[in-house]
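Here is a short note for a colleague new to this entry. Please keep the structure open while reading.

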Amino acid sequence: MQTSEREGGGPEVSPSVMPEAPPESPPAPTKSPAFDLFNLVLSYKRLEIYLEPLMDAGDGVRYLLRWQTPMCSLLTCLGLNILFLTLNEGAWYSVGALMISVPALLGYLQEVCRARLPESELMRRKYHSVRQEDLQRVHLSRPEAVAEVKSFLIQLEALLSRLCCTCEAVYRVLHWENPTVSSQFYGALLGTVCMLYLLPLCWVLALLNSTLFLGNVEFFR
């Protein structure tokens, strides 16, 4: 009887031995987002359109600093110096509020008076809006796309080259590879600190403005 019971019961499982868990399946590899160079070029061109007002303002400042119209540059220099030397603290707050409110008012009036604009202005705005829409949903052929990418890479290479040259020049100055240039640089920094400590801010701004207008090569030419 005992023998038959052992045969019928089958193999006994020890309580200390646990069944092995099934191996977990490895997680599916996530796909990395694809890099689209053509979309990068389109974003760069759209950014150029949005930054056109700032680029125009920079061109105007460079036009004045290069003395291409001497009378306008001279009047601008003198007018800024007079403003820096005569305005007090309250007047500067008023100028800041004016610089904020004037662009907001001009933008509001531009939007309200859109229907009263002349035909030439409407066509110019339509041209710029079409350019923006075309850049948002552009369909170019493969040769045109390759040309756009090549042009973008050429501009990027020029920008990186200028940045590398600037970093190299700063490195040389900071490590005294040219003692004359380094001494002039640190002397100018110390002189600026002393000037900021000894002179009022209005005089510092007037001196900086005069240096920008009168201390460049174009003025002596």
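Predicted model: local features only at pLDDT ≥ 70, side-chain atom pairs only at ≥ 80, totals over all residues.

The points below cover the annotated spans, the aromatic pairs and one loop.

1. The UniProt record, an unreviewed entry, places the feature "transmembrane region" at residues 64–85, 91–109 and 185–208.

2. Two of those spans. Residues 64–85 are 82% helix and 0% strand. Their end C-alpha atoms lie 21 Å apart. Residues 185–208 are 92% helix and 0% strand. Here the end C-alpha atoms are 16 Å apart.

3. Aromatic pairs. The structure holds four of them. One is Phe 84 with Trp 92: the ring centres are 5.8 Å apart and the planes stand at 20°, so the pair is stacked. Phe 84 counts as buried, at 16% relative accessibility. Trp 92 is partly exposed, at 32%.

4. A second stacked pair. Trp 176 and Tyr 186 stack with 5.6 Å from centre to centre and 5° between the planes. Trp 176 sits in the loop between helix 7 and helix 8, while Tyr 186 belongs to helix 8, so the pair ties together parts that are 10 residues apart in sequence. Trp 176 is partly exposed, at 44% relative accessibility. Tyr 186 is also partly exposed, with a relative accessible area of 28%. Ring pairs join Trp 176, Phe 185 and Tyr 186 into a cluster.

5. A polar atom of the His 175 side chain is 3.0 Å from the backbone oxygen of Tyr 171.

How values were computed
Residues numbered from 1 in each chain as written. Heavy atoms only, no water. Polar contact = N/O pair within 3.5 Å; in protein donor to acceptor, adjacent residues only side chain to side chain. UniProt positions renumbered as here; feature names shortened; annotations may be inferred. Helix = DSSP H or I, 4+ residues; strand = E, 2+ residues; numbered from the N terminus. Phe/Tyr/Trp six-rings, centres within 6.5 Å; stacked < 30°, edge-to-face > 60°. Buried < 20%, exposed > 50% of the residue type's maximum accessible area, 1.4 Å probe, protein only.
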